[in-house]
Amino acid sequence: RDLGGPLDPLIRARDRINRGELPGPTIYTSGPFIQHAPYPGTEAFRWGVTGPDDARAKVRRLAEARVDLIKLIDQDEMTIDEVRAVVDEAHKYKLPVVAHAHRPEEIRRGLAAGVDDFEHTGLATAWEYPADIIDGLRARAALGNRPPLFWTPTIDVLTNYDVRRDDIEFLDDPAWHLGLADSVVKDIRGSLDRLDTLTYYRFVPNRKPTLANKFRQLRESGVRLLIGTDAGVPANFHGSATISEMITWVRTYGMDPMETIRAATFWPAVAMNVEKDNGTVSVGKYADLIAVRGNPLRDIGVLRSVDIVVKHGKRAK
């Protein structure tokens, strides 16, 4: 699931993979973020809205381009009418809406508008989510006549920031070098030489002590947690990010291994409304499988080394 990028290249890549013209994963893409105003220089993958009518028009444009979902960001900088317009228009097209949850007011407006999934464990350094937000999550989670309210914590990248900062051997892993020119590999390695100097990680040391409590609050609220990675941010490589997130859930935050695996397979299929064809090993569904040596229910770490990959019944590895 890709959340936030240039529209046309993403749609072309997704469709070429689906037609068998390119090898690759099944992609579900939102295209550009929708927000109040794009950051300078990001207009290709962030679309600003000015008023509810413009918000609906932007969603219609994305829907007509055949995106798979809609992504909201910084919705606390939008009016509540704009947020509601985005969500209502997306739901007319049966598109789920994913919203950022870095700040409390983002969550409040997302809940009020009826978004389907929140992303991240919060940038704020407060020890816990406010009581009114937890009450709102519990109220949504308790509704039995609608799909679950999903939450994607993307917690590994913050949890293990100091590990990557202090031990840069991960930069020697050849997996992330694949397909990249030597000059690009050199440039990436150089950019990550001092993680503690990067703006992205400036406040992480103050946030890390809050993560365990917030993860516990989310689990107890009844929201359905999903594995997601925020891959692509500094030092969080796409090839290893999913498994790293799963290992962190189990080893650091005490999540049950099978529940973690379901959060990476079955529940994402439900969140994308494709569970009839995907998400479990079941008769009549696509044969999308991986195989590893060992039992991940005993040692989740065996998922780091994937021996077999089958996509739609054809072996890719």
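**Note on the predicted model: strand pairing, aromatic pairs and a helix contact**

1. Lys311 stands opposite Lys314 of strand β10. The structure under review is a predicted model, and this point of pairing belongs to the hairpin that β9 and β10 form, with two residues between the strands. Within the turn, His312 has a positive phi of about 50°. The pairing of β9 with β10 is antiparallel and extends over two bridges.

2. β8 and β9 (residues 306–311) run antiparallel and are joined by four bridges. In this pairing, Val292 stands opposite Val306 of β9.

3. Gly279 is found in the loop between α13 (266–271) and β8. With a relative accessible area of 24%, Gly279 is partly exposed; the cut-off for a buried residue is under 20%. Leaving aside residues up to four places away in sequence, Gly279 touches Thr265, Phe266 and Ala269. Between the C-alpha atoms of Gly279 and Leu289, ten residues apart along the chain, the separation is 9.7 Å.

4. The aromatic side chains may be taken next. The count comes to ten aromatic pairs. One of them is the stacked pair of Trp176 and Phe237, with 4.5 Å centre to centre and 5° between the planes. Trp176 lies in the loop between α7 (161–166) and α8 (182–191), and Phe237 in the loop between β7 (224–225) and α11 (238–251), so the pair ties together parts that are 61 residues apart in sequence. Both partners can be checked for burial: Trp176 counts as buried at 10% relative accessibility, and Phe237 is buried with a relative accessible area of 16%.

5. A further pair has another geometry. The ring centres of Phe215 and Tyr253 are 5.0 Å apart and their planes stand at 35°, so this pair is tilted. Phe215 lies in helix α10, whereas Tyr253 lies in the loop between α11 and α12 (257–264), so the pair ties together parts that are 38 residues apart in sequence. Phe215 and Tyr253 are both buried.

6. Phe118, Tyr129 and Trp151 form one aromatic cluster. Its member Tyr129 also has a charged group over its ring: the charged end of Lys214 sits there, 5.5 Å from the ring centre.

7. The last point concerns a helix contact. Helix α5 (residues 131–141) packs against helix α10 (residues 211–221) at an angle of about 35°, and the two axes are 9 Å apart. From α5, the residues Ile134, Leu137, Arg138 and Ala141 take part; they meet Gln217, Leu218, Glu220 and Ser221 of α10. By class, the residues of this contact divide into four nonpolar, two polar and two charged.

Technical notes: Residues numbered from 1 in each chain as written. Predicted model: local features only at pLDDT ≥ 70, side-chain atom pairs only at ≥ 80, totals over all residues. Heavy atoms only, no water. Axes fitted to C-alpha atoms, helices over the stretch in contact; angles between N-to-C directions. Contact = heavy atoms within 4.5 Å. Nonpolar A, V, L, I, M, F, W, Y, C, P; charged D, E, K, R; others polar. Phe/Tyr/Trp six-rings, centres within 6.5 Å; stacked < 30°, edge-to-face > 60°. Buried < 20%, exposed > 50% of the residue type's maximum accessible area, 1.4 Å probe, protein only. Lys NZ or Arg CZ within 6 Å of the ring centre and 35° of its normal. Pairing = 2+ DSSP bridges.
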